[in-house]
Amino acid sequence: MKRLNSKEPYLMLAPSFLLLMIFLLYPLLSSFLYAFQSYKLTAPNDIGFNGLDNFKAVFSDANFGMILRNSFIWVVVTVGGQFVLGFILALALRKPFPGRNLYQAIVFLPWAVSSFVVGLTFRWLLNAEYGPVNDLLLKWGIIDDKIYFLSDPQLALFTVILTMTWYGIPFFAIMLLAAMQSIPEDLYEAADIDGAGIWSKFWHITFSYIKQTIILTLLLRTIWVFASADLIYIMTAGGPANSSNILSSYMFMKAYATLDYGQASAIGLFFMALLILFCYLFMKVTKFEKAGNF
Amino acid sequence: MSKKWAIGLLAGLMLVSSACSSSNSEGTNKENASGSPEGKKEEISFVDVSPSPERTKYFNEVIAAFEQANPNIKVKLETVPWDQAFNKLAMQGASKTMPDVVNMYPAWLNTFVPAGYLEPITSNYDAWSNKDKLTSFVSGITMEEQQRKVYNDIYYMPDALMSAALFVRKDWFEEANLPLPTTWDELFASAEKLTDSSKNRYGWAYRGARAGFDQIFAYITAVTGGETYEKDGTSVLHRPEALEAFVRFTDMYKKGYAPKDSINWGYQEMVQGFTSGVSGILNQTTEVIATAKASMPDESWTVIPYPKGDDGKRYIGASATWGYSVSADSKHKEAAWKFIEFLSTPDNNLKYSNTLTMIPIFKSGAEDATTKEGPMQGFIDTLDDPDSYLVADLGNFPELGEFRESIMDAEVQKYLLNNQSAEETLKKLGDFLTNAQQKYMKEHPEVPLPRVIKPDMK
Amino acid sequence: MTRNQRAALPILRIVILVFYLLMVLLPFYWLFITSVKPRMDILTTDIQYWPKHFTLDNYRVLWSASNFDVFLKNSVLVSIGTGLFTTCFAILGGYALARYKFKAKTAAVYGLLLTQMIPGVLVMIPTAILFSKVGLMNSLSGLIIIYIVGNIPFCLILMRSFFDRIPVDLEEAALIDGCSKLGALFRIVLPIMLPGIVATFVFAFIGAWNELLCAIMFISSDEFKTIPVGLSMFVQSYDINWGVMTAGAVMALIPSLVMFAIVQRFVVEGLTDGAVKG
């Protein structure tokens, strides 16, 4: 590590942080204030401090428990799925093969599509009445009765998770692939000479070399997936009966359906508190600080 | 090597910056040019909240004609997709960037008026030359009942009317040798007879999500004589006949006369259910005619009047499809009103209504031959029928947004999934509505209770 | 490795590759054939897996009736702008975070993480108010700024992790050889980091390319709309014009496809060049 007293790092970070402060910090602080106020856009003359009322209202919603549970399932299964499947893909792509450029270009495409197109398309594909998936499964005799992917409360959440996983695999694949590329080939050759098996090579070389990247991408990806609401909104609108509603979609619908910014901000603060807690635990478990990240 | 990097990077940045800023300045340059000293040239913005190729084409034509007749005013057409329209307008209202003329949705009045985003156009309306040419439905109901009596002011000019009717698969009825239904009882019977799940055919296009409760409530009001509240603000959902009606209607789903998937169906899916040949009867409004025409051969479907209840009366929902308002923060309110006036001339209104298959707001338009042809006739006849009454609406309280978005359908879905009894469902919904309505009545004693009205097209 | 294991590997690999290809291609196949079907054939219970009536009408409507060419131009501008600026800021900042030790460092990294947790919904209205005050509403520059703000934290952290893997000795060697610090950065380090830099650019580009919500909220006039906004116009309250929308979605894939294909070359080379010597 260089220069302890230089001004350089501050200069280099300046443009990024300047932008962030202006456009994120200021709105964030306003939201902090709203959470403790009665702030309904429909009652502009009625704005005033109301303490913890917003929070009370939110927590006493009968559906809140289910929403939290759904959020947890959503994050764990989606991020897990994206990570594992993305990793497998990256491993398969690591060594060149004829046509790899074209193959990569195609297989990363889901990521380039706008989420609402993905949501609408999958909603159609998995439709029980005129969707191709059910049609094919029935025709091929794999199932006897239609699967109600989006209207069965047991399945709805997992169907959206499936879509979100499909959508997010390219992201992990690209990040992990780029990270893996920096592993020197000689390490593998040396391991081969030593007689190491596939699993040993994978675990001790590939995995440990890119551990940093994995931890970081997992952390950030978890935060994003937790915050994302658009696929849910498009595919099920949180239904049926809130079975696929998660904290972020709930917050979105509250904010815009009721224009009650006080409550929406309260949910937002709670949302952030959960994430901060998660980060704290995650970093402790992965020994983030010890890994020399600070 | 490093020089090449730096130069390449710099060039890229500069190229992008100049491209973007030129796009910006194009916008401002236009304004500067039009702000030239001779003649005050104004530019107003107009947002269309439900854009489609037909609407955009129509508005571009109208704008061109308007600009020709008013060389000092330029109109900029903006569009926002319907799904995000309310959100965006709410944000624009809060940030004071609402366009000058807003294509309004009547239900939004409940939130936008108290929030102060819309400019009252009462004096403009009262002085308007075409006022007497309106159908009494529009002048009496849309303008007086729904606006002046509630808000003391007029806030929007309706663009056209829509009302509900039944779209039916004529060919299925003929196959099954069934007469077309005229009452609710006949409708329920038809839904049962038309259902044949082996052929993937279902009688009723059920709407289980995204305002699905509206359809159920439409039937409930058929047994409550069109009322939605008692005199003291208690919701009619607490009445025993409401419970019966609720169960009867939702039985169409529970007994399988609608696809199991339809618990998740919103507006799009229920229409698609009809046009794709899954459902035989669809309760919808005039604008769907265009979609049906484009997706299905003419001989297979038709429109029949809304069903009558046991008392021989027909309770329908009909209202303005959208409307035009002036935003409170507009800096060109006069020019904005001029544009609205132009959009609302009898000729333009007729053209608009025909293009989009909606009912015109003027007497002359409703009488016009082009309006009366084809499926539209069914809708107009319904409104003219002496047995037709306009159902009372759900009220004007701001909590309506939340009720419609997050509460009503979720509760009904719980019942459809057998997680909740019908009594409990109606109790929850009824309590919410009662509380909100009673609170509203206390704060606004001068606003009359929502009530049944007799519509008149003449 | 046993001989069996050695033999099984390539086969396993092929199976995996084929599986992923199918998984990706099937929905896209569906998008594509929908775009070449006439309206009546699209939503039927008698599903056509191969179009009975092949038509290019949807594409014709896309290019003539909607402003797709404008949307395309805007999307390209905005995405490239976002990618370039974000990558530049990320390179600078990432380098600072990786190589320097300074007082505010821990706070800075935590701060970056914190920014990712802020729900967009809450920030929307205050940002809109801010934008309208400085005249950035309804402008491409405004949109680029929003996208940069949205992508910078991740890209910063990402670049920093890529920098971390380059041993410091490389630069020190260069400095001893007489390079300036910046020169060392440009001449020695960046070329090795090429895959990481390209990955960062791609990430920021795609983040801007397929974003919908902010584009709808902050852009109002047709001349500045991006592709996702343009496509969402085909989704009306009761009707989705699948034919034209999928035609647009297919067309929007082409630039991404091209970009991915070109970019692969950069991601692949640069490491096997054996820059990292023992």
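In what order do the elements of chain C run from the N terminus on? They run α-α-α-α-α-α-α-α-α-α-α-α-α, where helices (H or I, at least four residues) and strands (E, at least two) are DSSP runs numbered from the N terminus. This is a predicted model, in which local features need pLDDT of at least 70 and side-chain atom pairs count only at pLDDT 80 or more, while totals for chains, interfaces and linings use all residues. Residues are numbered from 1 along each chain as its sequence is written, and chains are lettered from A and ligands numbered from 1 in the order in which they are written.

**Chain C**

- Chain C holds 13 helices and 0 strands.
- The radius of gyration of chain C is 23 Å, well over the 19 Å that the globule rule gives for 278 residues, so chain C is more spread out than a compact globule. The radius is taken over C-alpha atoms, and the rule is 2.2 Å times the number of residues to the power 0.38.
- The C-alpha trace of chain C spans about 70 × 70 × 30 Å along its principal axes.
- Buried residues make up 55% of the 278 in chain C. A residue is buried if 20 or more other C-beta atoms lie within 10 Å of its own, exposed if 12 or fewer, and partly exposed in between, with C-beta atoms placed from the backbone.
- Of the contacts in chain C with a separation of 6 or more, 74% are between residues 24 or more positions apart. Two residues are in contact if their C-beta atoms, placed from the backbone, lie within 7 Å.

**Contacts between chains**

- Chain C places 76 residues in contact with 78 residues of chain A.
- Several helices of chain C give two or more residues to this side, among them α4 (68–99), α7 (140–164) and α13 (242–268). The largest share, 12 residues, comes from α1(C).
- The side of chain C that touches chain A divides into 55 nonpolar, 14 polar and 7 charged residues. Ala, Val, Leu, Ile, Met, Phe, Trp, Tyr, Cys and Pro count as nonpolar, Asp, Glu, Lys and Arg as charged, and the others, Gly among them, as polar.
- The contact of chain A with chain B takes 23 residues from chain A and 29 residues from chain B. On the chain A side there are 15 nonpolar, 7 polar and 1 charged residues.

**Domains of chain B**

- Chain B is divided into domain 1 (41–158 + 322–357) and domain 2 (163–318 + 387–443), with bounds from an automatic or database domain assignment.
- The centres of the two domains of chain B, taken over C-alpha atoms, are separated by 30 Å.
- In chain B, 7 residues of domain 1 are in contact with 10 residues of domain 2. α4(B) gives the most to the domain 1 side, with 3 residues.
- That side of domain 1 of chain B has 4 nonpolar, 3 polar and no charged residues.

**Strand β6 of chain B**

- In β6(B) (residues 161–169), 8 of the 9 residues are buried.
- β6(B) and β8(B) (residues 279–285) run antiparallel, joined by 5 bridges; strands pair if DSSP finds at least two bridges between them. Ala165(B) stands opposite Gln284(B) in β8(B).
- β6(B) is also joined to β9(B) (residues 301–304) by 4 bridges in an antiparallel arrangement, and Val168(B) has Thr302(B) as its bridge partner there.
- β11(B) (residues 318–320) pairs with β6(B) in the antiparallel sense over 3 bridges, and Ala318(B) is the bridge partner of Ser163(B).
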